[in-house]
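Open the model in your viewer and keep the selection panel at hand.

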Amino acid sequence: MGWKSRRRKGNQTVPRLPTWKLGEGVPVVRPDRRDVLVSASIGPAGELVTLWSAGKDEAALRSVTTQPGWATFPDPTAARPVAARVSRQAGDTVDVTPLAGLTLAHPSVQPLPQGRVLVVGARCRWRTDGPDRNAVIYGSDGRIEAQATLGDGIEHVFTTTSGEVWVGYFDEGVYGNYGWGDANAAPPMGTSGLVRFTPQLEPAWRFPSHVNNEWGAIDDCYALNVTDDAVWTCYYTDFPVVQIRGDSVTGWRNEVDGARALVVSGTRVGLLGGYGPQRDRLVVGELAGQAMRVIGEYRLVLPKGGPLPAHATAIGRGAVLHVVTANYWYQLSLEDVTGQ
């Protein structure tokens, strides 16, 4: 769809792998039975955070522009304002925040303290009179409290319990598009590939990318796992497994390409995903010295053995891998896979 320019590393050989079945999922609760799921994520307490709209409004929130020929590009803003709903689901508790007149396209959602909600659009245009404000904080009553610019090319958004915001960028957000980085324009906000913002949405820390960093630059932040104690990422080009703790960076070499989600428990790491038919590959590794050693490799499947749906969302938070489909929320602890 012209969404991201992905590059693959070499030819991919797909071995026949043993399967690992997800446990029984929890039904995803719709605020209204007619709602459709627009996006899903996981909050800092492990809660499911989802954005919903009426079926007739979904296309507006996924607005794209098709240029002459074949190229299709996602728009920064919705085709029209949409009435949406954010749901936070934890156990049997479901809280819903109505959002009137949502205008951000391709949105991600995360919870904030005091029942507030952060909504971030993936794309953002640079304009001479000021860039798009593609981040909106809503109060628990659904009223807008603040707006800010987090930049273009946003791949991941995760908040912490204190309200800090971590943003990972894909390649267009790193190298520039939609006006960013052009002559007489600002450099991309995502140049470093990973940025921590304050609860007031001000940049507070940037990954030491494209400078003196032995683990290399983030060209595309493929996988990101945020907890209150540490942040983990695995990124293009060479896919090192990297930990950020107290703004210090530690890394391990890794030979597993293309993972889209990662989970961590002690010295064990789980990487889910890969290119093409490897999208459901789950690799478990041990961090030792300066490298990750593979100790297990599986194909992740649904509880009855069926394949993961093509549009399932996979998110790592701490040691738990969350897989969200249109109807179910599955959770897999890395300890269950490693036996530790």
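Start by selecting Pro188. Pro188 sits in the loop between helix H2 (171-175) and strand S15 (194-197). Helices (H or I, at least four residues) and strands (E, at least two) are DSSP runs, numbered from the N terminus. This is a predicted model, where local features need pLDDT of at least 70, side-chain atom pairs count only at pLDDT 80 or more, and totals for chains, interfaces and linings use all residues. Residues are numbered from 1 along each chain as its sequence is written, and side-chain values use heavy atoms, with hydrogens and water left out.

Stay on Pro188 and show its surface. Pro188 has a relative accessible area of 12%, so it is buried (under 20% relative accessible area; exposed is over 50%, partly exposed in between; 1.4 Å probe, protein chains only).

Now display its contacts (heavy atoms within 4.5 Å). Beyond its neighbours within four places in sequence, Pro188 touches Gly173, Val174, Tyr175, Gly176, Trp180 and Gly181.

Move to His106. Look in the loop between strand S8 (93-104) and strand S9 (107-112). His106 is not a glycine, yet its phi is positive, near 50°. Most residues other than glycine have a negative phi. His106 counts as buried because its relative accessibility is 14%.

Last stop: Asp247. Select the loop between strand S19 (241-245) and strand S20 (248-252) to find Asp247. Asp247 also has a positive phi, about 70°, without being a glycine. Is Asp247 buried or partly exposed? At 37% relative accessibility, Asp247 counts as partly exposed.
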